[in-house]
Number of protein chains: 6
Amino acid sequence: MRSFGREAHQLRPTKIEAGVSRNAEGSCLIQCGHTRVLCTATVEDNIPPFLRNTGKGWVTAEYGMLPRATGSRNPREAARGKQSGRTQEIQRLIGRALRACINLEKLGERQIIIDCDVIEADGGTRCASITGGYVALHLALQKLVDDGRLNHIPLLHSIAAVSCGIVDGKTLLDLDYVEDSAAQVDANFILTNSLRIVEIQASGEEHTFDEESFNAMMHHAKTGIEELTALQMAAIRSV
Amino acid sequence: MRSFGREAHQLRPTKIEAGVSRNAEGSCLIQCGHTRVLCTATVEDNIPPFLRNTGKGWVTAEYGMLPRATGSRNPREAARGKQSGRTQEIQRLIGRALRACINLEKLGERQIIIDCDVIEADGGTRCASITGGYVALHLALQKLVDDGRLNHIPLLHSIAAVSCGIVDGKTLLDLDYVEDSAAQVDANFILTNSLRIVEIQASGEEHTFDEESFNAMMHHAKTGIEELTALQMAAIRSV
Amino acid sequence: MRSFGREAHQLRPTKIEAGVSRNAEGSCLIQCGHTRVLCTATVEDNIPPFLRNTGKGWVTAEYGMLPRATGSRNPREAARGKQSGRTQEIQRLIGRALRACINLEKLGERQIIIDCDVIEADGGTRCASITGGYVALHLALQKLVDDGRLNHIPLLHSIAAVSCGIVDGKTLLDLDYVEDSAAQVDANFILTNSLRIVEIQASGEEHTFDEESFNAMMHHAKTGIEELTALQMAAIRSV
Amino acid sequence: MRSFGREAHQLRPTKIEAGVSRNAEGSCLIQCGHTRVLCTATVEDNIPPFLRNTGKGWVTAEYGMLPRATGSRNPREAARGKQSGRTQEIQRLIGRALRACINLEKLGERQIIIDCDVIEADGGTRCASITGGYVALHLALQKLVDDGRLNHIPLLHSIAAVSCGIVDGKTLLDLDYVEDSAAQVDANFILTNSLRIVEIQASGEEHTFDEESFNAMMHHAKTGIEELTALQMAAIRSV
Amino acid sequence: MRSFGREAHQLRPTKIEAGVSRNAEGSCLIQCGHTRVLCTATVEDNIPPFLRNTGKGWVTAEYGMLPRATGSRNPREAARGKQSGRTQEIQRLIGRALRACINLEKLGERQIIIDCDVIEADGGTRCASITGGYVALHLALQKLVDDGRLNHIPLLHSIAAVSCGIVDGKTLLDLDYVEDSAAQVDANFILTNSLRIVEIQASGEEHTFDEESFNAMMHHAKTGIEELTALQMAAIRSV
Amino acid sequence: MRSFGREAHQLRPTKIEAGVSRNAEGSCLIQCGHTRVLCTATVEDNIPPFLRNTGKGWVTAEYGMLPRATGSRNPREAARGKQSGRTQEIQRLIGRALRACINLEKLGERQIIIDCDVIEADGGTRCASITGGYVALHLALQKLVDDGRLNHIPLLHSIAAVSCGIVDGKTLLDLDYVEDSAAQVDANFILTNSLRIVEIQASGEEHTFDEESFNAMMHHAKTGIEELTALQMAAIRSV
């Protein structure tokens with residue numbers, strides 16, 4: 001039995017609450033089962049050196065996890081003095097994905113930083129960060145339009161992310177921590193609202209798999225993305 | 001006019017929600033006006049090297065602030081590669097204060113780590129961390145009793161903390177960020193439920209003050225601590 | 001025209017020279033066009049703490065690039081005091097891939113470290129590292145058998161990696177640096193000798209793509225992997 | 001019996017030797033019993049970024065301890081790669097205190113750095129640093145006047161610092177290391193020459209105390225500060 | 001018997017292959033017995049801050065060792081987060097030596113960085129780095145002349161380096177690792193093509209020696225330098 | 001004219017005051033002209049891992065400079081987060097030199113750490129550190145004998161160090177900062193009391209020199225070392 005009594009192709013109960021930060025230009029709290037991630041978007045006028053005087057803007061992301069987001073406490077990265085390889089890999093992924101949905105020329109010479117902080121972790125935090133990060137980004141861009149600093153929201157499409165995996169030979173959508181730990185194959189799909197591919201990472205830690213399995217995960221992922229896209233749109237409209 | 005229409009001697013609307021983390025042995029979310037701090041208590045069996053084989057336990061604290069807890073984004077300490085002097089000063093204060101309310105011999109050879117993470121900052125985050133940290137600590141100790149690992153909660157008294165300051169010549173209780181920035185004198189009082197002193201820090205950045213002012217702040221602080229103590233007790237009982 | 005006068009589905013001239021290090025237990029120099037990577041395998045008796053007394057061994061990888069491997073000099077990571085996110089992401093990928101081709105229980109309580117150092121970079125360094133890293137790993141295991149420390153080489157299959165991409169709408173195998181910089185989509189395929197999937201990473205930086213494009217890249221990748229596998233086997237036999 | 005045959009309300013034998021550095025713009029060696037701190041003041045024309053073009057100057061402090069200033073050697077912070085939380089807390093305190101005695105607008109756009117290096121430690125190093133740091137600061141400002149770079153010394157008052165504590169129920173002034181280690185309450189008082197308060201820190205590590213105790217310490221502190229102020233004035237005049 | 005059947009005053013078989021890097025402005029691979037070092041020279045237009053607007057240029061060096069250049073693997077400095085004292089000492093020596101053979105005014109406001117990366121280590125890596133580094137530097141300067149960016153090569157003389165030592169009472173030229181480990185005295189001589197001294201470091205780790213021994217080493221060194229100088233010239237002419 | 005009215009072959013006025021630290025097992029303050037270095041020796045029972053269970057002891061050194069030891073302030077290494085290459089080079093030299101005068105087997109499994117902290121710098125700090133470091137080491141060993149922990153002082157000879165240089169074509173002994181900055185050649189000689197060589201470093205930054213010059217410096221150095229040795233002996237006897 002899966003958590004929340006789910007079938008193999010079902011998402012965990014998912015909720016996106018937009019506008020949760022008084023300070024950030026855009027924000028949401030995304031909850032996927034027991035995983036909760038706070039996503040904020042900050043608009044800054046300074047941009048990375050390599051973009052100065054190009055007229056282009058930038059979107060980047062940072063990811064963190066509160067020490068007791070997990071079952072046993074994991075040491076605070078600020079105290080250890082560096083971000084782990086895992087953290088860096090995840091925040092590079094979030095930033096890369098969000099840059100794929102925006103026209104950086106139309107953004108103009110400004111930078112948007114998406115902070116994804118995991119309050120509670122039960123699997124799928126990088127996917128939740130991307131799905132929630134898109135909402136925060138969209139709201140920050142909407143604010144730039146509302147404030148008369150942009151004429152139009154320079155987004156090309158929306159994006160969302162979901163995990164799939166193979167556990168005990170069964171293809172499952174949206175793995176929680178227990179399922180993720182037991183999975184033979186683990187994949188993350190980042191797709192647009194029209195189900196075009198932004199990025200796919202599929203990996204069999206200590207296992208291999210065939211194309212058929214890959215296609216089955218892809219099939220599940222599309223269903224999940226459609227549902228997540230609807231939740232994103234509702235959250236954005238609610239603000 | 002003060003925020004929330006307060007008089008000089010009044011706390012901001014304060015709320016302590018206990019048991020907000022599924023993972024931590026004790027936890028609460030404390031909200032003081034717009035300041036919100038998530039406090040979790042983690043019980044670990046390993047203790048610092050200097051206490052090994054002494055039979056004594058340890059309580060320590062770590063403090064962090066989400067990058068967009070503040071009006072403008074402050075860089076993530078994990079990305080910068082070190083904790084600021086301010087962060088270290090605050091977490092040393094929290095740990096020292098909490099160790100003053102517990103019998104470490106009776107705790108036994110285990111360590112309790114209090115994580116205080118500021119979700120939103122509007123002044124008074126160190127005091128909120130101490131007040132909320134006490135609640136998380138109490139709940140974690142209660143759990144050790146419930147699990148049969150301790151016979152009694154080894155607490156000597158409860159503690160809470162509140163700030164006072166002098167702004168435009170007026171003595172105010174529980175400063176928000178705007179008041180704090182304008183204060184001639186800024187003080188933090190950490191007192192027990194019977195109003196004994198755990199720690200006092202009173203400082204006039206670029207100003208000086210006399211004993212009368214100090215005593216006026218002390219007077220206000222006592223009122224505030226009594227109110228906070230009642231909120232702590234209610235939160236603890238609610239779990 | 002592609003470099004080396006290649007068709008879209010052709011690898012660059014590729015050469016694997018095995019046994020190039022006097023010190024390492026296994027080693028090779030892999031050359032893919034102008035990309036050259038020195039791969040060495042070191043066998044150590046100490047294993048990571050989380051594996052002690054489990055009877056299991058470990059395979060891990062480190063990746064580095066000489067400062068002037070590239071067209072303009074990139075600062076030495078040892079001098080900057082940390083490995084970049086890119087470096088960490090790549091070395092995590094190499095290690096994960098190589099662990100998927102070995103039976104860690106049969107390896108026993110020892111660790112094999114694969115060092116992949118890029119002497120010259122012209123695109124595809126992470127794939128070359130995996131393909132060459134497998135050869136170094138195989139040779140180190142062969143040496144353990146030859147030395148009577150293992151009865152059999154505990155490998156499940158061989159693995160190799162190759163990149164594909166879409167440049168100007170055309171699907172290309174084994175991109176060099178110029179092609180990689182111009183690619184709309186960039187993917188890395190790590191497959192076994194029987195063409196099962198170990199890991200796939202497909203990403204459209206600032207672009208999206210459809211399943212048909214993905215499948216076309218997959219098709220090219222299989223051809224490339226078959227050719228690389230043959231080169232690996234020849235190199236291993238040559239020692 | 002207290003060290004040096006002192007009564008409860010007496011300072012240790014204290015000596016301030018001004019002008020001990022050939023290089024620094026102001027300097028002194030302060031000796032409080034066996035505690036010895038070298039304080040130097042450096043005048044620099046560059047100021048912190050946040051003050052550029054404001055016309056204001058800045059005073060800051062750094063604190064260090066020679067490895068064998070203490071009974072057992074403490075590892076060199078430069079070798080460990082970072083300053084401890086204790087070091088940072090102390091140097092922030094020294095800087096904050098010294099900024100409270102100067103008119104930064106009248107200082108003009110220059111920075112004065114006070115270095116306090118503990119040659120030998122026997123308790124009270126932070127207080128000695130503040131008391132000696134004031135002397136170094138005053139002498140550096142005097143030099144700016146002598147060199148015609150300032151018209152007047154922009155000091156508002158002098159400051160000095162002294163510790164008090166409660167040991168075995170007795171209120172003591174100016175604790176040495178043995179007393180400090182045994183103290184139930186430990187407090188530092190930074191006062192002006194007219195005995196107004198600059199900063200107070202009073203803490204009962206693993207103990208609590210009442211207002212009466214606090215007031216008794218305050219009373220002792222005033223006596224000590226008056227004596228230290230006289231020694232500071234004499235040292236300054238001696239140059 | 002010495003390795004390669006050498007007499008006491010003989011160099012190991014030494015080979016300098018120039019122009020081995022497609023990217024670097026100058027490069028060579030120097031092989032001294034089993035020691036192999038890749039030396040590249042990079043010309044950059046930016047210079048260190050202390051030389052800005054002086055019209056002078058700069059030459060500096062960085063040194064590294066691949067993890068498995070040695071018999072047992074030495075941890076990667078980039079992963080450890082800092083360069084060892086030994087690495088820093090060596091790269092300071094290389095840079096200082098190379099600056100002694102060039103007219104920095106005539107170089108103009110540009111910087112040349114010499115990277116010396118040890119592919120395989122069997123003693124004498126710092127000397128090989130200097131000897132090979134000179135070749136890379138010469139070739140980079142030749143390229144600046146060929147590209148019309150300099151009128152003449154601003155070199156004053158060539159330099160080369162060789163080690164000598166006393167092992168079992170015998171004075172030996174060009175020690176390999178086994179001899180170096182057993183040496184009572186270890187010295188490095190950096191001389192010009194006319195045998196003038198650039199730098200000498202002679203040290204008896206846990207031993208002392210007399211002037212006669214020093215002079216015997218000096219005598220051997222001169223022979224070695226003459227031979228190395230001829231190899232350098234041949235390598236430079238070969239490009 | 002040289003400082004202190006010296007001839008070319010004369011030392012600066014030099015003074016060694018032994019026993020200046022109440023805490024250290026051995027200590028001295030060495031003053032060479034305006035250069036002043038505090039040297040302390042700490043005896044610890046723990047030794048480096050590579051010596052455990054060998055019966056051998058270890059001597060090592062650390063070097064530091066107070067920020068305002070120099071004419072303009074140099075940033076504190078503890079605040080910058082790492083020791084400079086220069087610092088590391090110097091402390092490695094001091095340790096290596098001191099290990100050459102002791103029988104480490106007879107020292108037994110203990111470590112002596114020599115801390116050399118420069119209070120004021122006017123050239124020759126590394127030589128002063130070695131000369132003073134020897135005195136601190138000798139006194140600490142004497143204390144081990146006095147305490148009955150060693151039967152005999154396990155020293156083989158005494159060592160001292162002095163600089164020589166060539167300034168405007170003249171060979172000078174014991175350079176001060178102004179001379180050092182103007183020197184064409186700079187050399188440090190570490191010799192025993194019987195004038196055997198421990199270590200020589202002779203370098204012509206941006207200059208070269210011949211053997212005759214080297215021999216002239218060597219000649220001067222011997223005179224200086226004889227004088228320094230006498231001062232060391234007197235200081236040691238004075239305790």
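**Close-up views of a predicted model**

**View 1. Chains that stay apart.** Chain B and chain E make no contact, and 12 Å separates their nearest C-alpha atoms. Chain A and chain F likewise do not touch; the nearest C-alpha atoms of this pair are also 12 Å apart. The structure shown in these views is a predicted model.

**View 2. The rotation axis relating chains E and F.** Chain F is superposed on chain E by a rotation of 180 degrees, with 0.0 Å of shift along the axis and an RMSD of 0.0 Å. The two copies are thus related as by a two-fold rotation axis. Within chain F, the residue that comes closest to this axis is F:Gln201, whose C-alpha lies at 2.3 Å. Of the interface residues of chain F, 100% are also interface residues in chain E, so the copies meet through the same surface.

**View 3. Helix α2 of chain F.** Helix α2(F) spans residues 85-99 and contains 15 residues. From its first C-alpha to its last, α2(F) reaches 21 Å, close to the 21 Å expected at 1.5 Å a residue. The helix α2(F) is mostly covered, with 13 of its 15 residues buried.

**View 4. The packing of α2(F) against α4(F).** Helix α4 of chain F comprises residues 125-146. The axes of α2(F) and α4(F) are 10 Å apart and form an angle of about 40 degrees. An angle between 35 and 65 degrees counts as oblique, and α2(F) and α4(F) are therefore oblique to each other. Their crossing is right-handed. Among the residues in contact are F:Ile90, F:Leu93 and F:Ala97 on the α2(F) side, and F:Ser129, F:Gly133 and F:Tyr134 on the α4(F) side.

Notes: Residues are numbered from 1 along each chain as its sequence is written. Chains are lettered from A and ligands numbered from 1 in the order in which they are written. This is a predicted model: local features need pLDDT of at least 70, side-chain atom pairs count only at pLDDT 80 or more; totals for chains, interfaces and linings use all residues. Side-chain values use heavy atoms; hydrogens and water are left out. Copies are superposed by least squares on the C-alpha atoms of residues with pLDDT of at least 70 in both. Contact means heavy atoms within 4.5 Å. Helices (H or I, at least four residues) and strands (E, at least two) are DSSP runs, numbered from the N terminus. The expected span of a helix is 1.5 Å times one less than its number of residues. Buried means under 20% relative accessible area, exposed over 50%, partly exposed in between (1.4 Å probe, protein chains only). Axes are lines fitted to C-alpha atoms, for helices over the stretch in contact, and angles run from 0 to 180 degrees between N-to-C directions. Angles under 35 degrees count as roughly parallel, over 145 as roughly antiparallel, 65 to 115 as roughly perpendicular and the rest as oblique. A crossing is left-handed if the near helix is turned anticlockwise from the far one by less than a right angle, and right-handed if clockwise.
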